[in-house]
Amino acid sequence: MPNSDFTKRPTDEELEAFERKTLTVLKALAAIAPDPSRLLWVPGNHDPLTLFPGEAKGEQQQPRSSINSEELLSGNLHGKVVEIAPELMIGGWGGCVEALEDGKQVWVPYPYPEAQVKDKLKALESVLEKDLKTNGDNPDSNSSSSSSSSLILMTHSGPDLSSTAQVTGVDPNSLHKPGLRSHIINSGSASLSRLLSSPMIQKSCILSMHGHTHQGMGLARVGGIPVLNPGSILHTGSYSLVTLHRKKQAASKTDNSKKHKEGDSNKSVHVKKGPWYVADIRTLFLERNADD
């Protein structure tokens with residue numbers, strides 16, 4: 001969390017204030033979630049270091065406020081992969097890299113610059129490789145009937161190959177203000193693009209979603225992976241609802257018993273569940289005052 005001048009580490013008071021704001025947001029989201037225990041999130045570039053496990057040093061390793069750290073961090077996906085349904089994984093990565101306009105830095109990275117993200121992502125990639133590996137090392141893993149897991153990737157910054165991580169308008173926080181920038185601001189991460197470009201992720205990832213770049217709100221693709229930026233409730237007044245379905249693959253198996261040979265037409269039908277897929281994406285806008 002940068003402070004007001006973006007050059008110094010935040011004070012204890014600033015950390016406590018942002019931790020309390022974080023808890024307020026999480027409690028509000030939990031109140032509308034059908035199952036609050038399934039509320040998952042990643043920290044952004046204005047969140048305290050205590051939300052980036054292993055990054056806070058010394059006294060900053062614990063929240064400054066009286067907030068219970070387990071309650072504060074329980075849904076934090078940064079650097080983690082969890083299973084949210086059978087053979088459906090979600091992996092997370094928080095923070096942002098530096099944003100560039102015409103080759104010059106215009107927004108600061110937090111807490112990692114791009115040069116560090118490549119190495120930092122290796123641990124997450126190792127977990128993804130393990131969890132996404134086809135069950136039993138099936139040699140037919142390229143088949144559509146493979147039982148490998150599907151993946152959703154949730155990050156704060158987007159991949160730099162996606163238009164959803166680019167600012168083309170004159171106001172980074174507005175979808176409607178007329179005009180184009182002389183040079184595009186690219187706030188995406190090249191390391192995330194490399195991750196999405198790997199054969200393993202191209203095969204398994206059914207959706208990559210991110211925030212951070214308010215004016216980049218929309219849907220794009222990196223290879224075969226849809227990339228969703230729902231925008232910002234505060235700045236663009238938008239959010240997205242994603243519906244996932246799972247394919248069913250039925251295979252009839254004939255009963256070769258004596259009873260069947262004598263004319264019984266009974267068959268056993270085994271329905272094998274296939275991969276998950278995105279069935280619907282809807283982006284909605286909040287009603288706002290004319291002055292907003």
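Author: Happy to! Contact here means heavy atoms within 4.5 Å. Keep in mind that this is a predicted model.

Reader: Which residues does Leu128 touch, leaving out those up to four places away in sequence?

Author: Leu128 belongs to the largest nonpolar core, which has 27 residues. Leu128 is also among the members that touch the most others there, together with Leu151, Leu196, Ile201 and Cys205. With residues up to four places away set aside, the partners of Leu128 are Val81, Leu151, Leu195, Met200 and Ile201.

Reader: Which element gives the most residues to this core?

Author: Two or more residues come from each of β2 (88-93), α3, β5 (150-155), α4 (190-197) and β10 (225-229). The top contributor, with 5 residues, is α3.

Reader: How are the planes of Phe52 and Tyr112 arranged, stacked or edge-to-face?

Author: Their ring centres are 6.3 Å apart, and the planes stand at 90°. Planes over 60 degrees apart fall in one class, so this aromatic pair counts as edge-to-face.

Reader: Is Phe52 buried or exposed?

Author: Phe52 lies in the loop between α1 (12-32) and α2 (69-73), 60 residues from Tyr112. Its relative accessibility is 1%, and buried means under 20%, so Phe52 is buried.

Terms used: Residues numbered from 1 in each chain as written. Predicted model: local features only at pLDDT ≥ 70, side-chain atom pairs only at ≥ 80, totals over all residues. Heavy atoms only, no water. Phe/Tyr/Trp six-rings, centres within 6.5 Å; stacked < 30°, edge-to-face > 60°. Helix = DSSP H or I, 4+ residues; strand = E, 2+ residues; numbered from the N terminus. Buried < 20%, exposed > 50% of the residue type's maximum accessible area, 1.4 Å probe, protein only. Core = buried A, V, L, I, M, F, W, Y, C linked by side-chain atoms within 4.5 Å.
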